[in-house]
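Please walk through this chain with the model open beside you.

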Amino acid sequence: KHYAFVEFMSREVAEIVAEAMNNYIMYGHVLKTRVISPEEVHPELFKGANRPFKPFPWVQRAIERHNARKTPEQLQKNKGRLVSRETKKRKRLMELGIDYDYEGYAHQAQEEQEKQEKQEKQEKQEEQDQQEEEIAIPKAKKAHKKTSVLVTPRAKSTLHRREHSMEKKKKKKTPKKRTSER
């Protein structure tokens with residue numbers, strides 16, 4: 001900030017130092033020094049003056065901000081900005097008569113949108129299939145405790161997987177006989 005306050009025990013020493021250091025050139029800057037009266041000194045001027053100077057880590061703060069997780073809104077805004085810049089570049093290239101085709105952000109955004117639409121369509125289809133299968137099962141199967149439970153195809157496959165894994169575990173537990181040739 002290019003200013004400082006120095007406190008001396010005696011006024012005479014302060015006056016000598018101020019006179020000697022006035023107009024002194026330090027690190028390419030001209031020093032202007034003067035003595036101020038005790039009435040001009042703010043009561044909290046030297047508050048915390050004995051603490052060592054600790055510079056603020058601006059670079060670290062910038063790195064953390066840059067690497068922070070982005071919200072979906074921020075990601076969408078960034079994508080929009082990248083796509084618009086790319087379209088401007090493509091227009092400039094076309095105006096200059098340069099026929100240069102490349103897969104850029106616009107292509108990626110289009111692929112992502114197609115992928116998302118396909119996934120939504122597939123989820124809808126699965127939901128419809130599941131509803132049709134639930135309607136196709138006329139009676140509820142009974143559980144062991146004589147309570148009626150509707151067993152969906154998904155539950156059937158889960159039960160089948162569990163039974164299959166239990167069989168595998170049983171097979172693993174049976175020790176295999178080794179034959180040794182001596």
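Helices (H or I, at least four residues) and strands (E, at least two) are DSSP runs, numbered from the N terminus. With that in hand, find Leu 82 in helix 3, which covers residues 72-95. This is a predicted model: local features need pLDDT of at least 70, side-chain atom pairs count only at pLDDT 80 or more, and totals for chains, interfaces and linings use all residues. Residues are numbered from 1 along each chain as its sequence is written, and side-chain values use heavy atoms, with hydrogens and water left out.

Leu 82 has 31% relative accessibility, so it counts as partly exposed. Its C-alpha atom is 8.2 Å from that of Ala 106, a residue 24 places away along the chain.

Stay in helix 3 and go to Glu 86. Glu 86 is buried, because its relative accessibility is 5%. Which residues does Glu 86 touch, leaving out those up to four places away in sequence? A contact here means heavy atoms within 4.5 Å. The partners are Tyr 102, Gly 104, Tyr 105 and Ala 106.

Glu 86 also forms a salt bridge with Arg 90. The term covers a side-chain nitrogen of Lys or Arg within 4 Å of a carboxyl oxygen of Asp or Glu. Here the closest N and O atoms are 2.7 Å apart. Arg 90 and Glu 86 are four residues apart in helix 3, so about one helical turn separates them.

How many salt bridges does the count come to? The count is three. Another one joins Lys 79 and Glu 112, at 2.5 Å from N to O. Lys 79 lies in helix 3 and Glu 112 in helix 4 (residues 105-136), so this pair ties together parts that are 33 residues apart in sequence. Lys 79 is partly exposed at 37%. Glu 112 is partly exposed too, at 40%.

Glu 15 is partly exposed at 39%, and so is Arg 11 at 43%.

Now the rings. A pair of aromatic rings is described by the distance of the centres and the angle of the planes. Rings of Phe, Tyr and Trp (its six-membered ring) pair if their centres lie within 6.5 Å; planes under 30 degrees apart count as stacked, over 60 as edge-to-face and the rest as tilted. This rule gives two aromatic pairs. Phe 56 and Trp 58 make a tilted pair, 4.4 Å centre to centre with 55° between the planes. Phe 56 is partly exposed at 43%, while Trp 58 is exposed at 60%. The other pair is Tyr 100 and Tyr 102: their centres are 5.4 Å apart and their planes at 35°, so this pair is tilted. Tyr 100 is exposed, at 53%. Tyr 102 is partly exposed, at 24%.

Finally, the chain as a whole. It holds five helices and four strands. Along the sequence they follow the pattern α-β-β-α-α-α-β-β-α. Of its 182 residues, 3% count as buried. Among contacts between residues at least 6 apart in sequence, 19% join residues at least 24 apart.

Methods. Buried means under 20% relative accessible area, exposed over 50%, partly exposed in between (1.4 Å probe, protein chains only).
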